[in-house]
Amino acid sequence: MSLLDLFKKKGSSDVAKDRLKLLLVSDRANCSPEVMEMIKNDIIKVISKYMVIDAEGLDIQITSTESDTNNGSVPALFANIPIKDMRNSDK
Amino acid sequence: MSEVIVVTSGKGGVGKTTTTANIGTGLAKLGKKVVMIDTDTGLRNLDVVLGLENRIVYNLVDVVEGNCRIKQAMITDKRCPKLYLLPTAQTRDKSAITPEQMIKVLDELKEDPEEFDYIILDCPAGIEQGFQNAIAGADRALVVTTPEVSAIRDADRIVGLLDAHGLKDHEDLIVNRIRMDMVNRGEMMSIDDVNDILQLNVIGAVPDDENIVVATNKGQPLVGDDSLAGQAYMNICRRIIGEDVPFLDLNGKGGFFKKLSSLFKGK
């Protein structure tokens with residue numbers, strides 16, 4: 001961290017980097033944002049059967065993870081699902 | 001044995017032809033025997049960037065169709081006796097050549113008694129037939145990109161296709177058109193950023209230098225002159241032949257304020 005960084009706003013290069021990272025993940029996995037949204041909604045539906053979750057705070061993304069085989073990285077579905085209550089709200 | 005290098009990018013306008021012209025010329029200046037092949041049938045431009053457009057008689061399509069021998073279609077560059085250009089046809093389209101025919105041409109060049117060190121292919125934009133022709137017989141790929149979202153995205157796609165073609169670990173990245181003033185302001189991705197995203201060996205970084213425009217106007221590649229881009233291209237050539245060359249400081253000479261701000265940044 002340098003002195004100048006303290007006064008610096010987030011430049012557009014950081015925005016470009018963040019956008020690209022997401023874009024490449026979906027390009028590589030051949031999975032569009034719409035499909036991601038559908039997966040997300042289905043996950044909410046399934047988990048909600050068993051516990052109360054924070055649908056707003058739910059975050060899912062396809063990232064890459066190291067693969068043990070074929071010396072490369074493979075796509076992985078990463079989901080961060082905050083649980084509000086372990087009990088089922090329907091009961 | 002000749003090494004076949006394809007210069008590709010996916011996206012158009014990032015500098016494939018300029019890179020091919022400069023790397024081909026640079027390698028020849030380093031004493032290597034080089035053939036450059038324009039595979040952009042219908043939209044050829046390598047000839048004009050090299051200033052050889054008035055010397056074309058036969059072309060690559062004539063060679064594959066048997067209208068001439070390969071040597072008849074090859075143009076020698078008078079400024080650089082070890083450099084040859086094999087242009088393609090301007091009034092045909094990409095379907096005039098197949099990947100098999102391309103490989104046959106490359107095999108003939110590899111067996112040539114002149115013993116070319118490098119065969120450099122200027123690939124067209126896109127991922128269709130022209131691209132398939134260009135990568136068919138390649139041993140190695142130079143992927144050209146610029147620090148922009150669209151160009152990097154396309155480069156990533158190209159790398160995926162090159163991997164699938166068996167060129168994994170034979171791909172190097174050239175980051176073209178870097179503007180250090182913008183990088184320093186945080187308004188352009190840096191070489192490290194691009195490297196971080198694409199995870200590919202960066203073999204060179206070329207600044208956005210107005211001398212490139214001047215060189216293209218004249219039809220004289222600037223590789224090896226004392227402009228920043230000329231030095232950057234020559235460094236890439238040296239790395240291609242296996243020399244270990246440190247990266248150029250693309251900031252150039254730099255003014256007082258640049259030095260002052262780098263003091264603050266602790267660089």
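At 4% relative accessibility, B:Asn133 is buried (under 20% relative accessible area; exposed is over 50%, partly exposed in between, with a 1.4 Å probe and protein chains only). A word on the source: this is a predicted model, where local features need pLDDT of at least 70, side-chain atom pairs count only at pLDDT 80 or more, and totals for chains, interfaces and linings use all residues. Residues are numbered from 1 along each chain as written, chains are lettered from A and ligands numbered from 1 in written order, and side-chain values use heavy atoms, without hydrogens and water.

Back to B:Asn133. Its place is helix 6, residues 129-136 of chain B (helices, H or I, have at least four residues and strands, E, at least two; both are DSSP runs numbered from the N terminus). Beyond four places in sequence, B:Asn133 is in contact with B:Lys94, B:Ile97, B:Thr98, B:Pro99 and B:Met102 (contact: heavy atoms within 4.5 Å).

Next, B:Pro87. It lies in the loop between strand 4 and helix 5 of chain B.

Now the rings. Over all chains there is one aromatic pair (Phe, Tyr or Trp rings, the six-membered one for Trp, with centres within 6.5 Å; planes under 30 degrees apart are stacked, over 60 edge-to-face, the rest tilted). B:Tyr84 and B:Phe116 form it, edge-to-face, 5.5 Å centre to centre and 80° between the planes. B:Tyr84 is in strand 4 and B:Phe116 in the loop between helix 5 and strand 5, so the pair ties together parts 32 residues apart in sequence. Both B:Tyr84 and B:Phe116 are buried.
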